[in-house]
Amino acid sequence: AENKAQVLPKIQTGIRYKIPASSCAANQVMANNTCVTRVSMLQMEPANGASNVATATGINAVFNVSMLQESLLGTGKVTISPPIDGRQEFWSSEAQSWRYTWPTGQAERAQLRPHTRYTVTVNAGVKAASGATLEAPVVWSFTTASTCMLGVLQNGVCTTAAAACPS
């Protein structure tokens with residue numbers, strides 16, 4: 001039998017060793033010389049392929065790990081096509097949930113367009129608190145209902161009461 005002391009090098013204190021990524025479990029990746037949970041999206045709302053979605057619906061994404069706010073909320077990290085008015089924010093204390101919504105009291109004026117297909121893309125590279133990044137973009141689409149949830153349809157847009165014409 002071989003002497004293990006001759007085959008394996010001794011680990012010494014005070015020396016930083018790098019663990020090969022291949023030593024991480026299947027659901028992990030290497031970040032900051034540590035095996036950490038791979039970033040993935042657990043839930044998308046509206047769901048991919050959903051149809052007849054209410055025009056006053058917010059867009060949500062839930063991740064499996066805590067995300068860095070500055071990584072996810074930065075310009076171009078999440079795109080919505082066609083573009084919509086609104087704002088991005090985190091809405092869970094664990095920073096796992098992102099949403100695109102409207103300022104309080106403005107949902108009536110900033111609804112999604114009726115009978116429109118929207119595509120949401122969370123781009124690769126958004127970063128978790130652990131240092132792991134989303135390895136590939138996550139893309140999903142949904143289609144809104146043909147009528148407005150709030151207000152009336154005017155020139156292809158949901159609006160509140162029609163504006164009065166000046167005298």
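**Reading a predicted fold, feature by feature**

A: Let's start at one spot: A50 stands opposite F142 in β10. Before going further, note that this is a predicted model, in which local features need pLDDT of at least 70, side-chain atom pairs count only at pLDDT 80 or more, and totals for chains, interfaces and linings use all residues. Residues are numbered from 1 along each chain as its sequence is written, and side-chain values use heavy atoms, with hydrogens and water left out.

Q: How many helices and strands does the chain have?

A: Helices (H or I, at least four residues) and strands (E, at least two) are DSSP runs, numbered from the N terminus. Here you get 2 helices and 12 strands. Walking along the sequence, the pattern reads α-β-β-β-β-β-α-β-β-β-β-β-β-β.

Q: Back to that A50 spot, then. What is the strand order of the open sheet of 4 strands?

A: The general idea is that strands of a sheet pair through backbone hydrogen bonds, either parallel or antiparallel. Two strands count as paired if DSSP finds at least two bridges between them. In this case the order is β4-β10-β9-β6, and the pairing is mixed. At the edges sit β4 (50-53) and β6 (78-81), each pairing on one side only. Neighbouring strands of the sheet are turned by 25° against each other on average, direction ignored; such angles run from 0 to 180 degrees between N-to-C directions, with axes as lines fitted to C-alpha atoms, for helices over the stretch in contact.

Q: Which of these pairs run parallel, and which antiparallel?

A: Take them one at a time. β4 and β10 (residues 138-144) run parallel, joined by 2 bridges. β9 and β10 run antiparallel with 6 bridges, and there Y118 has F142 as its bridge partner in β10. β6 and β9 are antiparallel too, with 4 bridges; T79 has T121 as its partner in β9.

Q: Is T121 buried or exposed, and what does it touch?

A: Buried means under 20% relative accessible area, exposed over 50%, and partly exposed in between (1.4 Å probe, protein chains only). T121, in strand β9, has 15% and is buried. For touching, contact means heavy atoms within 4.5 Å. Not counting residues up to four places away in sequence, T121 touches K77, V78, T79, P137, V138 and V139. Zooming out to the whole chain, 32% of its 167 residues count as buried.

Q: Which residues touch the most other members of the largest nonpolar core?

A: In soluble globular proteins, nonpolar side chains tend to be buried together. A nonpolar core here is a set of buried Ala, Val, Leu, Ile, Met, Phe, Trp, Tyr and Cys residues joined through side-chain atoms within 4.5 Å. The largest one has 29 residues, and those touching the most other members are I59, F63, M67, L72, V122 and W140. The elements giving two or more residues to this core are β1, β5 (59-63), β6, β8 (97-101), β9 and β10.

Q: What about salt bridges: how many does the structure hold?

A: Side chains of opposite charge can pair when their charged atoms come close. The cut-off asks for a side-chain nitrogen of Lys or Arg within 4 Å of a carboxyl oxygen of Asp or Glu. The structure holds 1: E135 with R38, the closest N and O atoms being 2.6 Å apart. The two lie 97 residues apart, E135 in the loop between β9 (117-122) and β10, R38 in the loop between β2 and β3 (41-45). E135 is partly exposed at 49%, and R38 counts as partly exposed at 28%.

Q: What share of the contacts comes from residues 24 or more positions apart?

A: Among contacts with a separation of 6 or more, such residues account for 59%. One example to look at is L68, in the loop between β5 and α2 (69-72).
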